[in-house]
Amino acid sequence: MSTLIIPSGPFSARDDATQLNRAFKGIGCDAGIIINILAHRNASQRDDIQQEYETTYSYDLKKQLSSELHGHLKKAIMLWMQNQMDRDVSILRQALSGPMVELKTATEILCSRSSSHIRQLKQAYASTYDTRLQSDIEAHTSGNHKQLLLAYTSTTRYEGPEIDKLQVENDAKAIGVHKKFEMDEMGLIQIFSERSRSHLVALQSAYHKMYATDLRRAIKKGTSGSFRYGLLTILQCADNPAKYFATVLRKSMKGLGTKDTTLIRVVVTRAEVDMQRIKQEYRKLYKKSLTEAVHSETSGSYRTFLLSLLGSNDNNNNNNNP
């Protein structure tokens, strides 16, 4: 995985472990040191630090961080200290079986990830929680939304750039434009769960050419609720995942109060994937930098940590989308 998280100086897991241990000494902890180290280490380096810390101090670094930190900073750093797969697994489990089922969160994780990533995710989910991901989906979702998620997580999709133009046209015809924008929902489930991202991008173009109507607009009018959200997430992430996550971030900070759980989830999970592209899309869409928005909606060490993950380079692209 290429990464945007670069140490400010030569990396030494032993030196980092030593500094972190010092930061935990005394009453409270030195959050500045913790942030300065961990926010500037990539996934592999964070793993090395955790191993070094346990070897040197015979204690789990994540347990130490959990006992020393509080509030939103704790949530953000604890999520950051997990690897990408473990993050998705824990977010999904909480979304599907927590005190309040969070359908949008579960839908976002599942419908924005690649087929190969989901295959590994299902294995990790089963080994971590001793239950199948599909079982939790069946228990906590309903209707066409349930059918879409089950189909999307059970199908192996082609991930390359080639498309079958005839199949694209046939899919556009199959979806069609119906009276009052009522759509063939079972057909939508089959197409959106089985087709590649490249195919869905081509489908949007073919649909517009065939009906002079935007496919996303048709879905918005012809479907509803969590099912509509799932279809739009799949379609938008096929076309431009960075734009999709820019809009999710905007909604998390728009209006009264900040949806910190959403803000933390997106910043942490995308920091080593496509954050620079998300920042570019955010500026295009909202004429304001994402860094400025996060700065105005957060405070203290929590703000410092998120801003450190966002970084300052707006010109560097990262195309490694899970």
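Student: Is Y244 buried or exposed?
Tutor: The relative accessible area of Y244 is 4%. The cut-offs are under 20% for buried, over 50% for exposed and anything in between for partly exposed, using a 1.4 Å probe and protein chains only. Y244 is therefore buried.

Student: What is left out of the side-chain values in this model?
Tutor: This is a predicted model, in which local features need pLDDT of at least 70 and side-chain atom pairs count only at pLDDT 80 or more, while totals for chains, interfaces and linings use all residues. Residues are numbered from 1 along each chain as its sequence is written, and side-chain values use heavy atoms, leaving out hydrogens and water.

Student: What type of aromatic pair do Y244 and F245 form?
Tutor: Six aromatic pairs are present in the structure. Rings of Phe, Tyr and Trp (its six-membered ring) pair if their centres lie within 6.5 Å, and planes under 30 degrees apart are stacked, over 60 edge-to-face and the rest tilted. F245 is buried at 0% relative accessibility. Its ring lies 5.0 Å from that of Y244, centre to centre, with 80° between the planes, so the pair is edge-to-face.

Student: How far is the charged end of R46 from the ring centre of W80?
Tutor: A charge sits over a ring if NZ of Lys or CZ of Arg is within 6 Å of the ring centre and within 35 degrees of the ring normal. R157 lies over the face of Y152, at 3.7 Å from the ring centre. R46 sits over the ring of W80, and the distance to the centre is 3.6 Å.

Student: Which residue caps the N-terminal end of α14?
Tutor: A polar contact is a pair of N or O atoms within 3.5 Å; within protein, one must be able to donate a hydrogen and the other to accept it, and residues adjacent in sequence count only if both atoms are side-chain atoms. At this helix end, a side-chain oxygen lies 3.1 Å from the backbone nitrogen of R216. That oxygen belongs to D214.

Student: Which residue makes a polar contact with the side chain of H145?
Tutor: H145 lies in helix α10 (residues 143–154) and is buried, at 4% relative accessibility. Contact means heavy atoms within 4.5 Å, and leaving aside neighbours within four places in sequence, H145 contacts L103, T107, S226 and F227. The polar contact is 2.8 Å, side chain to side chain, and the partner is T107.

Student: What is the relative accessible area of E52, in helix α3?
Tutor: E52 is found in α3 (residues 43–57). Apart from neighbours within four places in sequence, E52 is in contact with A13, R14 and A17. E52 counts as buried, because its relative accessible area is 18%.

Student: What is the phi of D130?
Tutor: Most residues other than glycine have a negative phi. D130 is in the loop between α8 (115–129) and α9 (133–140) and is exposed, with a relative accessible area of 72%. Its phi is positive although D130 is not a glycine, near 55°.

Student: How far apart in space are L285 and G300, C-alpha to C-alpha?
Tutor: L285 lies in helix α18 and is partly exposed, with a relative accessible area of 33%. L285 and G300 are 15 residues apart in sequence. In space, their C-alpha atoms are separated by 27 Å.

How values were computed:
Helix = DSSP H or I, 4+ residues; strand = E, 2+ residues; numbered from the N terminus.
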